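This report covers a helix pair, a set of paired strands and the surroundings of a ligand.

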Amino acid sequence: MKAIVQEKYGNPDVLHYKEVEKPKPKENEILIKIYSSSVTAAHCAMRKGKPIFGRLVIGLTKPKFSIPGTDLAGEIVEVGKDVNKFKVGDQIIAATDAGGGCYAEYISLSEYDVIIAKPNNMNFDEAAAIIEGATTALSFLRDSAKITIGKKILINGASGSIGTAAVQLAKYFGAEVTAVCSSNNIDLVKSIGADYTIDYTKENFNNDKKKYDIIFDTVGKLTFKESKNSLTQNGIFLSPVLRISILLQMLISSKFSKRKVIFSATGLRKPNQKIKDLIFLKELIENNKLVTVLDKKYKLEETTKAHEYVEKGHKRGNVVLAIA
Ligand SMILES: NC(=O)c1ccc[n+]([C@@H]2O[C@H](COP(=O)([O-])OP(=O)(O)OC[C@H]3O[C@@H](n4cnc5c(N)ncnc54)[C@H](OP(=O)(O)O)[C@@H]3O)[C@@H](O)[C@H]2O)c1
């Protein structure tokens, strides 16, 4: 089968389109034909092996798993003899996180991995693309910030992968959403539910006197220090971007401040929790409460180009590899 292989950390040209051995499912495994796989900002960071302490999880000197890619939508084409949960022909979505393997034509996974049925109102590209952004936004909003009806939230980077999911999920939970993005994306964030918008190229949200219960800096462009005055007394600053400064502020604010800083890593959640999250999101999708914002599609052999584009940091929503 064809796959993208990465033997070392580095620029997009470390990603090689190659012939590799097609996996054979063991007794408790399913073989999935991958139709679509996402390409995300997190994949670019993993490709570079940055931040460096992230290598404790993904491999110290080189990637632990040579085929990158963490999310897929596809169809089951073979099952091991002990498999009970799935059958040939099932259309599924799956998240492999640090295990990778999704930039390929096929993958073999245990039936107990993070796999659920594909939402029936999405195509494979939409279904693969929504996984990372929506699971991350969900864990931050519902579990870290305990968002509820009437909370005021500011979402910075509202036009990105986590951002477009966060805008929709915050609206679903009944919050009042202020979306921060550039001029080109104002219409997009309004179309997915933002109540107010701020164009970061023209104004700074700190300049008005409004206070937010939650500031979700989905793209790691803000600091807690500069955002503090725009938070309510018990306000929460959320960051999915791993930085030493965020970890320090998280520690300090947990002891000495009413305003809290929270970082968490979605990929480190337990498989059972991730399956529950995906089922929750699938129900929202099937009830038309959550849609995928799709930007560009690339072929598997164009993965290097896809990484170059995503790495620029200006995609609108999501990018996928349309594989089959
Ligand atoms: N902790 C976790 O579990 C976890 C999970 C997944 C991802 N992540 C991390 O989360 C981060 C965001 O991921 P993502 O996939 O959502 O990113 P993304 O989709 O690549 O973000 C791109 C968006 O960011 C916007 N943007 C760029 N500069 C901005 C600025 N200064 N102010 C406001 N918006 C700006 C861009 O809009 P314009 O073109 O208009 O500028 C673009 O729409 C990454 O660092 C990723 O590694 C963490």
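Angles between axes under 35 degrees count as roughly parallel, over 145 as roughly antiparallel, 65 to 115 as roughly perpendicular and the rest as oblique. The model is a predicted one, in which local features need pLDDT of at least 70 and side-chain atom pairs count only at pLDDT 80 or more, while totals for chains, interfaces and linings use all residues. Residues are numbered from 1 along each chain as its sequence is written.

Helices (H or I, at least four residues) and strands (E, at least two) are DSSP runs, numbered from the N terminus. Axes are lines fitted to C-alpha atoms, for helices over the stretch in contact, with angles from 0 to 180 degrees between N-to-C directions. Helix α3 (residues 124-144) and helix α4 (residues 161-172) have axes that come within 8 Å and cross at roughly 50 degrees. The two helices are therefore oblique to each other. Residues in this contact, including I130 and L141 of α3 and I162 and L169 of α4, have C-beta atoms, placed from the backbone, within 7 Å.

Strands pair if DSSP finds at least two bridges between them. Two pairs are listed here.

| Strands | Bridges | Direction |
|---|---|---|
| β4 (residues 71-79) and β5 (residues 91-95) | five | antiparallel |
| β5 and β7 (residues 114-117) | four | antiparallel |

G74 stands opposite I92 in β5, and A95 has V114 in β7 as its bridge partner.

Around the ligand there are 34 residues, the closest being G160, S161, S182, P240 and H314; a residue counts if its C-beta atom, placed from the backbone, lies within 6 Å. At least two residues of this shell come from each of α1 (41-48), α3, α4 and β9 (176-181).

Notes: Contact = placed C-beta atoms within 7 Å.
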